[in-house]
Amino acid sequence: MITLQDCQQRDATDPLRPLRELFTLPTGLIYLDGNSLGAMPKAAAARAAQVVSQEWGQGLIRSWNSAGWLSLPQRLGDKIAPLIGAGPGEVLVTDSTSINLYKVLSAALSLAHEDAPQRRVVLSERSNFPTDLYIAQSLCQERGYRLQLVEPDDILAALTAEVAVLMLTHVNYRTGAMHDMAALTRSAHAAGAIVVWDLAHSAGAVPVDLSGAQADYAVGCGYKYLNGGPGAPAFVWVNPKHVDRFWQPLAGWWGHAAPFEFTPDYRPAAGSQRYLCGTQAVLSLSLLECGLDIFEEAQSLGGMAALRAKSLALTDLFIALMEQRCAGHGLGLATPRDHARRGSQVALTLARSATASAAFATVQALAQRGVIGDYRAGDGGQHQDILRFGFTPLYIAFEDVWHAVEQLRQVLDSGEWKQERFNQKHAVT
Ligand SMILES: *Cc1c(COP(=O)(O)O)cnc(C)c1O
């Protein structure tokens with residue numbers, strides 16, 4: 001039996017414990033939704049004030065140079081690079097994940113077309129995050145490709161001679177299941193396909209090695225595990241061997257080789273810079289830097305390896321406590337138990353009753369009790385309703401896991417989730 005004292009003991013010996021102090025976390029709240037919107041670095045408030053009052057207010061246009069605004073996409077990219085196995089100058093922070101995916105998928109299709117024009121399929125996973133599938137649908141329609149969606153276990157078999165690009169999200173947003181990036185990239189290459197990885201639920205949460213896997217293209221999100229703030233810019237990575245081969249389709253002036261020559265003809269910059277489009281969101285970029293600086297602090301405490309070890313310990317603890325204390329309520333585990341296949345979240349299933357989603361109501365009741373997780377609706381078929389709990393190892397404590405499961409137990413034991421108020425969409429949180 002695991003006790004509250006065991007959890008407190010683990011916090012007392014946790015080498016990453018000091019990092020929690022770098023975040024603002026509301027008192028009395030247990031925040032298990034950092035996989036959707038990361039918590040606020042304490043430094044962000046002062047940084048925002050500085051950028052607004054000093055850099056904008058006083059510096060005005062001079063700040064593009066004097067405050068380093070121009071090089072923010074590269075500077076921040078270099079801070080993300082070690083988290084995802086990329087080299088200096090290879091990663092850019094810019095635009096949103098959806099927009100960056102449009103750029104890289106388009107470039108990947110151009111690359112595939114040059115080498116093998118007869119390949120007309122983009123292959124992805126049916127339960128990929130919808131925006132990824134929508135962007136792929138749009139591009140396929142535009143360029144005459146077919147989007148083929150399969151279940152995760154069927155990916156290898158679907159890598160036929162028709163596939164131009166394999167586009168996958170490394171860690172699934174619903175279940176937290178993680179793909180073997182190196183193995184799938186190898187299989188796709190052996191089958192003649194280009195690979196695009198979405199790292200939205202990986203960057204800052206699990207170690208990633210894009211170079212080691214010899215991946216082709218990647219994008220990822222700034223406001224989840226990187227704690228960049230609401231709507232923070234995303235990142236884009238292109239394998240250096242491909243980067244100069246094609247334009248990306250949003251050929252704006254920031255991606256031009258000489259933007260300040262104001263020439264009428266587009267000439268792409270060499271290297272990753274061509275993946276920029278137009279003027280960047282300086283305030284949002286500046287706030288994201290506060291999140292990335294915390295990873296630099298984490299470096300001296302063991303870096304991503306230590307964060308990964310703690311993340312697995314937290315999710316293992318949550319699963320064990322859930323099984324120990326919430327038995328008999330029909331909770332199921334949608335996240336793989338195998339460490340090699342698990343991201344940094346735990347997804348639970350809870351069967352739907354005839355009239356209501358027990359998963360939805362339970363998430364609402366938990367929020368009322370100060371435990372924030374979230375709910376993702378099932379599709380009425382193979383994918384069930386899910387309660388999602390994200391465990392950001394930078395700021396979640398072992399004791400938080402204890403209390404979260406204790407509140408879950410009380411919600412289920414008391415049956416309070418059945419109350420009308422927890423079953424109305426948008427009623428509580
Ligand atoms: C969160 C997430 C996104 C977000 O895309 P936006 O452009 O920021 O809205 C995209 N893809 C995946 C897989 C995600 O998890």
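Start by selecting phenylalanine 262. At 59% relative accessibility, phenylalanine 262 counts as exposed, because exposed means over 50% relative accessible area, buried under 20%, and partly exposed in between (1.4 Å probe, protein chains only). You are looking at a predicted model: local features need pLDDT of at least 70, side-chain atom pairs count only at pLDDT 80 or more, and totals for chains, interfaces and linings use all residues. Numbering starts from 1 along each chain as its sequence is written, and side-chain values use heavy atoms, with hydrogens and water left out.

**Stop 1: two loop residues with positive phi**

Stay on phenylalanine 262. Its phi is near 50°, a positive value in a residue other than glycine. Most residues other than glycine have a negative phi. Phenylalanine 262 is found in the loop between helix H10 (240–243) and helix H11 (282–299). Helices (H or I, at least four residues) and strands (E, at least two) are DSSP runs, numbered from the N terminus.

Now select asparagine 227. This residue is not a glycine either, yet asparagine 227 has a positive phi of about 60°. Find it in the loop between S9 and strand S10 (234–238). Is asparagine 227 buried or exposed? At 1% relative accessibility, asparagine 227 counts as buried.

**Stop 2: the seven-stranded sheet**

Show the strands in the order S4-S10-S9-S8-S7-S5-S6. They form an open sheet of seven strands with mixed pairing; two strands pair if DSSP finds at least two bridges between them. Strand S4 (91–94) and strand S6 (146–150) are the edge strands, and each pairs on one side only. The twist averages 20° from one strand to the next.

Select S8, residues 194–198. Five of its five residues are buried, so S8 is largely enclosed by the rest of the structure. In a regular strand the side chains alternate between the two faces of the sheet. Which residues of S8 point which way? Ile194, Val196 and Asp198 point one way, Val195 and Trp197 the other way, and all are buried.

S7 and S8 run parallel, joined by five bridges. The chain crosses from S7 through helix H8 (residues 181–190) to S8 in a right-handed β-α-β crossover. Right-handed here means that, with the strands pointing away from the viewer, the path from the first strand over the helix to the second runs clockwise. Pick valine 165: its bridge partner in S8 is isoleucine 194. Then pick threonine 169, whose bridge partner in S8 is aspartate 198.

S9 runs parallel to S8, with three bridges between them. Valine 196 has tyrosine 217 as its bridge partner in S9.

**Stop 3: helices on and beside this sheet**

Select helix H4 (residues 72–84). H4 lies across S4 and S10 and runs at about 125° to S4. Axes are lines fitted to C-alpha atoms, for helices over the stretch in contact, and angles run from 0 to 180 degrees between N-to-C directions. Contact means heavy atoms within 4.5 Å.

H5 packs on the sheet too. It touches S4, strand S5 (121–125), S7, S8, S9 and S10, and its direction makes about 175° with that of S9.

Show helix H5 (residues 97–115) with helix H6 (residues 130–143). Their axes come within 10 Å and cross at roughly 40°. That makes H5 oblique to H6: angles under 35 degrees count as roughly parallel, over 145 as roughly antiparallel, 65 to 115 as roughly perpendicular and the rest as oblique. For residues that meet, highlight Leu101, Leu105 and Leu109, among those in H5, and Ile135, Ala136 and Leu139, among those in H6.

**Stop 4: the four-stranded sheet**

Move to S11-S12-S15-S14. This is an open sheet of four strands with antiparallel pairing. Strand S11 (331–333) and S14 stand at the edges, each with a single partner strand, so one side of each is left without a neighbour in the sheet. The twist averages 35° from one strand to the next.

Helix H12 (residues 303–325) lies across S11, strand S12 (345–350) and S15, running at about 25° to S12. Helix H13 (residues 358–368) lies across S12, S14 and S15, at about 40° to S15.

Zoom in on S14 and strand S15 (residues 386–390). They pair in the antiparallel sense over three bridges. Tyrosine 375 stands opposite leucine 387 in S15.

Finish on aspartate 374, in strand S14 (residues 374–376). At 8% relative accessibility, aspartate 374 counts as buried. What is aspartate 374 in contact with, leaving aside neighbours within four places in sequence? Select Asp33, Ser36, Val363, Ile386, Leu387 and Arg388.
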